[in-house]
Amino acid sequence: MTTAAAWAEVGGAVNAEALRMQAAAENRRVLALASPGLILIALVLFLPMGWLFFLSFTGDSGFTLEHYRRMAHPAYRKTFTTTFEISFIVTAACVALGYPLAYLMSQIAERARPFLLACVLLPFWTSLLVRTYAWLVLLQRRGVINDWLIDLGLIDEPLRIVHNMTGTVIGMTHIMLPFLVLPLYASMKAIDRDLMKAASNCGATPVQAFRQVFLPLSLPGLFAGVVLVFVLCLGFYVTPAVLGGGRVVMWAMQIESNVALYANWGAASALGVALLIVTLAILWGMTRLFRIDHHLGRS
Amino acid sequence: MLSRPASDTQITHGNRLWLYLLCGLVCLFLMAPSLLVIPMSFSGSRFLQFPPESWSTQWYDVYFDSVEWRAATVISLKAAVLTTLLATPIGTLGAYGIHVSRTRLGSLLQVVMMLPLMVPVILIAVGVFFLYAKVGLNNSVTGLVLAHSILAIPFVVVTVSAGLKSFDMNQEMVARSLGASRAKAFLTVTLPQIRFSVLSGALFAFITSLDEVVIAIFVARGDSATLTRRMFAFLRDQVDPTIAAISTLLIAVSVVLLLVYALLGQRGAGGGR
């Protein structure tokens with residue numbers, strides 16, 4: 001009897017081992033379905049990125065750090081300050097305009113919600129170029145806004161609100177706003193509304209309940225939106241190129257002109273690699289911070 | 001009306017008045033630019049005014065009569081359709097494989113499939129331009145489609161993964177235990193039930209390619225310029241009313257696609273159970 005039981009046990013173990021291996025093989029076969037996408041991404045994304053990385057360290061006589069050293073040049077430094085300045089202003093403007101809107105969307109009656117959602121989604125789905133063009137038409141010297149302000153007698157001379165920093169910031173804020181509102185709205189909608197009732201039951205005024213209960217719970221969504229907007233701003237090309245009128249040079253435009261105007265691949269690659277590192281570092285930092293946040297929430 | 005409660009706490013509509021006003025202004029800020037372009041595109045004069053002093057469809061005639069604009073539109077549509085046809089199956093297969101395997105390698109692959117969204121587009125454009133110069137793909141629709149596809153794949157992966165999460169995989173197991181191969185089980189049981197997610201992904205892929213500018217600026221020059229690339233070139237020089245007409249047409253396309261997307265979302269939510 002004991003030998004039979006032992007044999008059964010061995011047989012069971014062998015069987016389990018075979019099943020496990022079969023499952024692993026099956027897993028590999030299923031994962032292979034992702035290979036066309038991975039091959040395409042490897043060829044069209046990783047290969048050129050690696051190449052740019054290589055070029056950024058290559059000069060006329062082999063290895064060089066010259067392209068990176070040149071980034072300390074005042075002209076480049078100006079580009080970096082402009083880029084970060086615009087990104088900060090646009091992100092702040094998006095928070096100021098987007099937080100109230102997302103809040104109202106999460107609180108308003110069910111039947112009014114589709115209208116607000118449409119106001120965010122329609123621009124989101126409209127071509128970026130079309131929206132940039134619309135702002136050019138609105139803001140130019142003889143444009144709609146200047147015409148109206150003059151007709152109303154508020155100003156005598158047309159304002160210079162395009163082909164400069166102001167126009168760039170207005171246009172970029174318009175384009176980035178949905179990227180902040182959508183994740184923020186999703187996280188606000190997930191907040192349990194009974195919590196606010198409970199706070200009010202415990203004697204909190206509406207302002208207290210908002211500040212001590214709702215606001216902290218909405219912060220992860222706000223943070224995700226802020227990081228997304230900031231990172232997108234850093235590498236933004238089209239809107240500053242059109243609404244900046246050549247006076248506003250951002251990081252991405254510097255890369256473009258190095259390639260298109262000067263065919264300086266080394267400089268363009270170094271700028272690109274630096275942009276990629278900053279972008280990925282911010283995104284990585286966000287995931288780290290969220291994980292810490294998560295643990296704090298658990299404990 | 002204003003003294004009625006607006007929420008579960010004691011806030012009234014009157015207390016919220018400032019919020020309604022502020023949000024009204026934000027909505028105006030979001031909607032007005034796109035909406036103002038529509039009436040202005042029917043302007044009778046060379047100058048863009050709002051409201052226009054006279055009306056005409058002359059700028060639409062300019063667009064439809066121009067060989068260059070028509071050619072650019074054809075290239076844009078061709079690239080968008082081909083990108084959709086390439087990115088949708090690739091992204092769907094990827095999302096399915098990653099969802100089924102549930103291994104650590106799988107979640108790593110998911111991150112890799114999302115990477116094209118995290119890399120600044122300007123870098124993809126410069127890199128692809130450099131690569132295509134070596135292999136002779138610059139100014140070709142093939143090159144454009146390949147580059148647009150890697151931008152579109154993440155959107156397809158996200159929408160299809162979401163669809164698979166609300167799908168009960170046991171159904172596929174049942175089909176396979178009854179003798180169907182994995183491919184057959186997927187095609188006859190799973191795919192029909194996640195079809196709205198797949199279609200949403202396809203829609204995203206189409207609009208991604210149609211609206212893309214930066215990559216096109218680099219790899220679609222001269223005769224192979226896309227619609228948006230040509231628009232960009234014109235924007236830098238002058239404010240041409242023809243652009244307003246084309247913009248209106250593009251807004252119409254966006255509205256239609258958004259409505260289809262909303263419809264798919266509803267059907268998907270109802271049919272997924």
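Helices here are DSSP runs of H or I at least four residues long, and strands are runs of E of at least two. With that in hand, chain B of this predicted model comes to 12 helices and zero strands.

Figure 1. The C-alpha trace of chain B spans about 70 × 70 × 30 Å along its principal axes.

**Figure 2. Burial and contacts inside chain B.** Of the 273 residues in chain B, 44% are buried. Take the contacts in chain B with a separation of 6 or more: 71% of them are accounted for by residues 24 or more positions apart.

**Figure 3. Chain A, with 13 helices and two strands.** The radius of gyration of chain A is 27 Å, well over the 19 Å that the globule rule gives for 299 residues, so chain A is more spread out than a compact globule. Along its principal axes, the C-alpha trace of chain A spans about 105 × 75 × 30 Å. Buried residues come to 39% of the 299 in chain A. Among its contacts between residues at least 6 apart in sequence, 73% join residues at least 24 apart.

**Figure 4. Where chain A touches chain B.** Here 67 residues of chain A are in contact with 71 residues of chain B. Helix α2 of chain A, residues 35-56, gives the most to the chain A side, with 12 residues. What kinds of residue make up the side of chain A that touches chain B? They divide into 52 nonpolar, 11 polar and four charged.

**Figure 5. A close look at α2(A) against α3(B).** Helix α2(A) meets helix α3 of chain B, residues 67-101, at an angle of about 120 degrees, and their axes are 7 Å apart. On the α2(A) side, look for A:Pro36, A:Gly37 and A:Leu40. Their partners on α3(B) are B:Ile90, B:Gly91, B:Leu93 and B:Gly94. Sorted by type, the residues of this contact are four nonpolar, three polar and no charged.

Technical notes
Residues are numbered from 1 along each chain as its sequence is written. Chains are lettered from A and ligands numbered from 1 in the order in which they are written. This is a predicted model: local features need pLDDT of at least 70, side-chain atom pairs count only at pLDDT 80 or more; totals for chains, interfaces and linings use all residues. The radius of gyration is taken over C-alpha atoms; the globule rule is 2.2 Å times the number of residues to the power 0.38. A residue is buried if 20 or more other C-beta atoms lie within 10 Å of its own, exposed if 12 or fewer, and partly exposed in between; C-beta atoms are placed from the backbone. Two residues are in contact if their C-beta atoms, placed from the backbone, lie within 7 Å. Ala, Val, Leu, Ile, Met, Phe, Trp, Tyr, Cys and Pro count as nonpolar, Asp, Glu, Lys and Arg as charged, and the others, Gly among them, as polar. Axes are lines fitted to C-alpha atoms, for helices over the stretch in contact, and angles run from 0 to 180 degrees between N-to-C directions.
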